[in-house]
Amino acid sequence: MSGSILISGGTVIDGTGAPARPGEAVLLRDGRITALGTQAVDDAEAHGVDERIDATGRTVMPGLIDAHTHLTFGEPTGNDELFNHRTEAYSSMLSAYNARKVLRAGVTSVLDADCLWNIGCELRDAIEAGIVEGPRMRAGGQALMTMLGGTAGRMIKDEGRTGYATVVTGRDVMVNEIRRQIKYGVDWIKVMVTGLIPSMKGPEVKVWSFDELRTVCDTAHELNTKVVAHCRNSDSTRDAARAGVDLIYHASYLDDEAIEAVIEAGSAMCPTFTLLGNLADYGAKVGTAPELLDVFRAEIEVTAKQLTKAHAAGVKFLTGSETGFAVTPVGEWHARELEMFVDYMGMSPMEAIVAATRNGAFAMRMEDDLGTLEHGKVADVLVIDGDPLADVRILQQKDKIVEVVKAGKRIDLTTPIPEHKQRTSDQVRFLAACPLTRSLAFTEEQLERMSHV
Ligand SMILES: [Zn+2]
């Protein structure tokens with residue numbers, strides 16, 4: 001058992017969207033929130049507590065939930081490394097090393113929807129068992145792709161399974177692959193609904209038929225498994241929603257028809273602007289072609305404007321970071337999405353916090369149990385030195401995150417995590433290029449290069 005902690009004196013933002021409450025105590029016992037306010041203080045007086053945290057002048061809020069991470073990718077320097085050089089065992093160890101950084105960034109839960117091999121499920125279980133320190137996880141297996149591939153286009157094989165992807169050709173293969181992943185413990189099935197086609201200029205196009213998406217959703221749902229889809233154009237978002245996809249990533253360039261479909265289906269949205277934002281802001285430093293920087297920024301602006309309508313209509317928004325790539329390193333960018341929701345979608349900081357906490361519980365499939373500071377909920381709590389309602393960017397500053405409590409247990413934030421080097425056998429030919437500069441690129445020259453890798 002985790003013992004008991006009284007956190008007192010702080011301003012509580014409970015994650016429900018209710019106004020902040022100054023000077024409210026929170027009592028944690030055996031991994032749960034058992035009392036708030038004067039009841040918490042009285043209970044602590046009557047029965048004692050193991051630990052006390054003085055949060056005077058600080059903010060007390062739920063742990064962040066990042067609904068779009070790739071911890072098993074281990075910050076690859078290129079697609080070649082990710083697809084061809086990584087071994088399963090080394091990637092597992094790298095994932096375990098990285099998991100601690102996520103937790104220290106105040107992220108107490110993540111959805112790792114597509115993972116190398118089955119590492120996500122194994123990492124989830126190792127964290128749950130106390131073997132590895134990290135955030136609570138929900139995991140998928142290899143991303144499902146059609147023969148057309150996904151963002152990596154022709155770098156994906158025509159058929160069969162690699163660490164990164166599984167190409168499902170035909171209904172039987174599709175159904176069996178979903179059943180296989182479920183057999184080995186996935187919580188979610190991830191589908192790459194859009195991909196890059198070299199002969200078709202411009203952004204990604206839909207590479208799944210509606211009927212295929214229906215088959216995925218029906219098969220997964222029958223076995224109590226949810227479906228998340230990568231959709232970087234409008235008709236993919238529309239079809240995914242109509243087919244029953246539970247959570248949509250990106251939703252780039254969605255039009256009004258797609259918004260209608262999302263609202264009607266009740267799909268949750270995780271646009272993951274952070275990845276594009278990082279590319280737009282820092283892409284030049286990692287070799288992204290200058291003309292692409294504006295493309296990334298435009299994708300955010302156009303998409304965010306449309307998604308604002310979906311938000312106003314009550315669609316559930318979750319925060320995601322794509323953590324695990326070279327431009328979104330582990331433990332660094334998890335809270336940027338809140339800032340982007342405020343800047344690009346006009347959310348209030350409170351709405352962004354709700355997206356990153358209460359709404360994230362949907363990704364964890366723990367909506368009744370997680371994401372808010374309410375009686376009976378799992379005790380995932382942050383103490384922040386400052387007021388995120390005044391400036392939500394404060395959640396990106398690790399020195400302002402003074403306490404991280406996961407399931408009622410205080411996490412060590414001070415012992416340094418040793419630096420690691422990249423092992424030489426993982427290093428690749430295009431070290432100068434970031435993976436996403438190539439994989440998200442649309443120029444003829446880049447596509448040509450990809451097709452020869
Ligand atoms: Zn992703």
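**Figure 1. Domain 1 and domain 2 divide the protein.** Domain 1 covers 4-62 + 376-410, and domain 2 covers 64-363; these bounds come from an automatic or database domain assignment. The model is predicted: local features need pLDDT of at least 70, side-chain atom pairs count only at pLDDT 80 or more, and totals for chains, interfaces and linings use all residues. Residues are numbered from 1 along each chain as its sequence is written, and side-chain values use heavy atoms, with hydrogens and water left out. The C-alpha centres of the two domains lie 30 Å apart. The contact (heavy atoms within 4.5 Å) takes 24 residues from domain 1 and 25 residues from domain 2.

**Figure 2. Buried area between domain 1 and domain 2.** The domains bury about 1900 Å² between them. This is the accessible area (1.4 Å probe) lost when two parts are put together, summed over both. Carbon and sulfur atoms carry 65% of it. On the domain 1 side, Val392, Gln396 and Lys406 lose the most area to domain 2. Together they make up 29% of what that side buries.

**Figure 3. Polar links across the interface of domain 1 and domain 2.** Two salt bridges are counted between the domains. The term requires a side-chain nitrogen of Lys or Arg within 4 Å of a carboxyl oxygen of Asp or Glu. Seven residue pairs are in polar contact across the interface, both residues at pLDDT 80 or more. A polar contact pairs N or O atoms within 3.5 Å; within protein, one must be able to donate a hydrogen and the other to accept it, and residues adjacent in sequence count only if both atoms are side-chain atoms.

**Figure 4. Elements on the side of domain 1 that touches domain 2.** β6 (59-62) and β20 (401-406) each give two or more residues to this side. Strands (E, at least two residues) and helices (H or I, at least four) are DSSP runs, numbered from the N terminus. β20 gives the most, with four residues.

**Figure 5. Salt bridges in close-up.** The side chains of Arg136 and Asp380 meet in a salt bridge at 2.4 Å, N to O. Those of Asp43 and Arg29 meet in another, at 2.7 Å, N to O. Asp43 sits in helix α1 (residues 38-47) and Arg29 in strand β3 (residues 26-29). They are 14 residues apart, and the pair links distant parts of the chain. The whole structure holds 30 salt bridges.
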